[in-house]
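Have a look at the chain first, and then we'll walk through a few parts of it.

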Amino acid sequence: KLYIFMKIKKKNTFNNQVMFVDGMPGCGKTLFPSIFGGYDRVELLTYSYQVEQYCSLYYLNEISLDAASALVNLSIDQITYHSMMSREVNFRPSDLSSVFKNPNKIKYFKRIFNKGDHAISQLIEDEKPILNLTTHSLLVRSEPIFDALGDRATFVEIVRHPLYQIRQHYLNTRDLYIQDVRHLGLAYQVDESEEVVPSFVKEYENEWINGNPMDKAILSMYYWDKQLDRFLSDNKQIKEQVIIVPFEKFVLSPDGYLDSIEARLGVDRTALVAKSLKKQNVPRKRIADGVDMPVYRRCGWQPSIDGSERDELLVRNEEVKKKATENIFYLLQEMSAKYEEKYMKGIL
């Protein structure tokens, strides 16, 4: 019997840069792609569930690294190819990923009527587009991405105070994960039981199964935070490819973070970027003074209360305390103190 060593691989790629705007649910990451879309070479916001699914399969030890990496490369090339001729581009006006929400919207209409197919390869080489992908807690599962893309990958990792994220996490654990057919994240059955859990709970299945929806929300943040610290500690070689952006600091004073992203991507700030910042009320006087949109309200957004930044956090803290079990609520307190010490000195 002849055994042949087989390594799954995509030999040729478009070699363009790829920016992942990543973070946990509720971190405010959808604020950023519309701003980044104002740069000349940065493409329209795109959600790539396939890339997330391939990384999750590798994270769960269900496929090899070379297979996951090859699938990531295939997906990135497909998204690039289709974007450059406005094929599979979102023209639904109300969606956050819509052409109509992008400051450079006219170029996507023009592409519909330009040459496609074989002409696109040369266009990509000439224009050097930068994909603008929004992903969900992906950095801690991103080994296939860095293996596939190397220095082409940049993660803009959005972090935020746990109490500003908890409302959306709670809604997700109560209504979305597993229960809703529209949820496109991978899940798996635990051992011989009938319990099915989201792929991201790999390290804490029993705690997740036994928790109420608020407990699950806190646990997902707590373990993701631990995984992020471990990932960054274990992968120091990609330090320059990961830009940590605390949401609170960005919305109050964005220039320094934009400077770092521009330097990494090799792009210059445009008038459209300034226009997008203004549309998102950035810089703003208070952290919670975001834009009121129906999609944000569905995810738990509420107008800021009268009072200080600390008062806002105290209101949110009391909401959680009423629903969480005592020992799990303590984990939230621990996370909050850690975040405030690291990112919110001078703000609170």
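Let's begin with a pair of strands: β1 and β3 (residues 130-136) run parallel and are joined by 6 bridges. One of these links has Val-18 with Leu-131 as its bridge partner in β3. Before going on, note that this is a predicted model, where local features need pLDDT of at least 70, side-chain atom pairs count only at pLDDT 80 or more, and totals for chains, interfaces and linings use all residues. Residues are numbered from 1 along each chain as its sequence is written, and side-chain values use heavy atoms, with hydrogens and water left out.

Strands here are DSSP runs (E, at least two residues), as are helices (H or I, at least four), numbered from the N terminus. Two strands pair if DSSP finds at least two bridges between them.

β1 also pairs with β4 (residues 153-159), again in the parallel sense, over 5 bridges. There, Val-21 has Val-156 as its bridge partner in β4. Put together, the open sheet has 5 strands in the order β2-β3-β1-β4-β7, with parallel pairing. At its edges sit β2 (42-47) and β7 (242-246), each pairing on one side only. From one strand to the next, the twist averages 20° (axes are lines fitted to C-alpha atoms, for helices over the stretch in contact, and angles run from 0 to 180 degrees between N-to-C directions). Helix α2 (residues 49-59) packs on this sheet and touches β1, β2 and β3, where contact means heavy atoms within 4.5 Å.

How many of the residues of strand β1 are buried? It's 6 of the 6 (residues 18-23), so β1 is largely enclosed by the rest of the structure. Buried means under 20% relative accessible area, exposed over 50% and partly exposed in between (1.4 Å probe, protein chains only).

Now for the rings. Phe, Tyr and Trp (its six-membered ring) pair if their centres lie within 6.5 Å; planes under 30 degrees apart count as stacked, over 60 as edge-to-face and the rest as tilted.

| Pair | Centre to centre | Between planes | Type |
|---|---|---|---|
| Phe-91 and Phe-109 | 5.2 Å | 65° | edge-to-face |
| Tyr-204 and Tyr-223 | 4.2 Å | 10° | stacked |

Phe-91 is partly exposed at 27% relative accessibility, and Phe-109 is partly exposed at 28%. Tyr-204 and Tyr-223 are both buried. Elsewhere, Phe-32, Phe-36, Phe-247, Phe-250 and Tyr-257 form one aromatic cluster.
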